[in-house]
Amino acid sequence: MRKYIINTIFFIFLVAIIVSCQNQETIDLQNYMSNGKDIYKTKCQNCHGENGEGLGQLAPPLTDSVFLKANKSRLACFIKNGVNETLIIHDKEYKEKMPAFPELADIDVAQVMVFVTNSFGNKQGFVPYSQVSKDLQNCK
Amino acid sequence: MKNISYITILISVGLLFASCKQERKLPFYGERHAETVKDANGKEKIDTVYQTIPAWSFLNQDSVVTTNKATDGKIYVADFFFTSCTTICPTMHRNLMTVYNDFKTNPDIMFVSHTIDFKYDKPHVLKKYAQKLGVDGPKWQFLYGTKDSVYTLAEKNYLVAVGEDSTAKDGYIHQGYLVLIDKDRRIRGAYDGTKEEQVAQLKKDIPVLLAEYKK
């Protein structure tokens with residue numbers, strides 16, 4: 001009987017730990033999303049639009065989930081250093097230069113990246129700040 | 001019988017309200033002065049003269065010399081921007097695009113965008129920009145001119161502040177007004193092109209201004 005109770009308590013503990021872990025990630029995601037949205041509004045929205053729809057052939061939309069996924073490790077570099085190459089998004093070529101945003105700290109880049117990849121119909125989950133920092137060190 | 005009198009009252013009240021409603025008229029912007037003019041019968045009277053946009057001549061996106069004659073008999077919306085601008089211009093032109101699309105088929109309306117980047121925005125750059133924005137044809141002119149001519153026109157005539165600023169991110173600063181000009185080249189409205197509700201107001205005001213000329 002005693003063994004049974006101890007086992008039960010232990011099991012409940014284990015579940016609680018797992019649940020609270022998930023909660024932490026959910027909280028982080030929410031944090032990143034709300035801060036990322038503010039950064040998006042001031043730095044990105046002018047060109048990419050309120051709903052990530054882009055602007056003609058001048059600025060690409062941010063709704064191509066396939067592109068975002070394929071370039072996941074480069075997104076941070078795009079945001080911080082700008083883009084000076086032709087990108088193909090939704091089967092269309094975009095050749096305009098994207099400006100760099102050197103004033104953004106790694107954490108800002110991470111937040112706005114998480115916001116973009118989880119808005120406008122994208123749902124690619126959480127990326128921690130540490131991963132973004134690593135990505136930024138490997139920029140070409 | 002009683003019914004008829006009710007209806008009569010209802011109609012007369014309705015008429016009363018209808019006659020109270022005054023037609024909306026757009027204001028005049030800029031300086032004004034009184035001038036004595038002679039009317040058709042040779043009688044002298046005093047009239048108000050409003051500020052007007054002077055004659056201008058620039059190169060458009062097709063490298064064709066374009067003058068104020070292009071806007072003769074039309075009302076038009078003017079703004080100042082530059083193609084490499086990453087701050088307010090994309091928003092301004094995103095919003096202006098919706099106005100352009102709304103009035104695309106109306107021959108009485110034109111759009112005129114002046115670049116303030118006299119170093120980089122040569123006509124072929126403007127052409128590429130227009131195409132990428134999704135504008136084709138002469139209804140929306142993108143104009144290139146010398147620094148002096150454009151900046152003077154902006155500040156003295158359209159009342160829009162523009163300038164070079166090496167501390168600004170893209171090298172230039174300017175206000176994002178969309179200025180509404182009537183067929184007599186008077187300023188009849190100025191709307192912040194970065195604010196959706198003001199652009200919506202512009203869309204409402206254009207038909208009001210057009211109606212003035214319908215009489």
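Let's start with strand β1 (residues 32–38) of chain B: none of its seven residues is buried, so the strand lies largely in the open. Buried here means 20 or more other C-beta atoms within 10 Å of a residue's own, exposed means 12 or fewer, and partly exposed is in between, with C-beta atoms placed from the backbone. Keep in mind that this is a predicted model, where local features need pLDDT of at least 70, side-chain atom pairs count only at pLDDT 80 or more, and totals for chains, interfaces and linings use all residues. Residues are numbered from 1 along each chain as its sequence is written, while chains are lettered from A and ligands numbered from 1 in the order in which they are written.

β1(B) runs antiparallel to strand β2 (residues 44–50) of chain B, and seven bridges join them. Strands (E, at least two residues) and helices (H or I, at least four) are DSSP runs numbered from the N terminus, and two strands pair if DSSP finds at least two bridges between them. Val37(B) has Lys45(B) as its bridge partner in β2(B). Five residues sit between the strands of this hairpin, where Gly42(B) takes a positive phi near 80°.

Elsewhere in chain B there's an open sheet of five strands, ordered β7-β6-β5-β10-β11, with mixed pairing. β7 (140–143) and β11 (187–192) of chain B stand at the edges with a single partner strand each, so one side of each has no neighbour in the sheet. Strand β10 (residues 177–181) of chain B runs antiparallel to β11(B), joined by five bridges; Tyr177(B) has Asp192(B) as its bridge partner in β11(B). Helix α5(B) packs on the sheet, touching β5 (75–81), β6 (109–115), β10 and β11 of chain B, and its direction makes about 165° with that of β11(B).

What else does α5 (residues 196–212) of chain B pack with? Its partner is helix α2 (residues 89–102) of chain B, at an angle of about 20° and with the axes 10 Å apart. That makes α2(B) roughly parallel to α5(B), a label for angles under 35 degrees, with over 145 being roughly antiparallel, 65 to 115 roughly perpendicular and the rest oblique. Axes are lines fitted to C-alpha atoms, for helices over the stretch in contact, and angles run from 0 to 180 degrees between N-to-C directions. Asn95(B), Val99(B) and Asp102(B) in α2(B) meet Glu196(B), Val199(B), Leu202(B) and Lys203(B) in α5(B), contact meaning C-beta atoms, placed from the backbone, within 7 Å.

Key
Contact = placed C-beta atoms within 7 Å.
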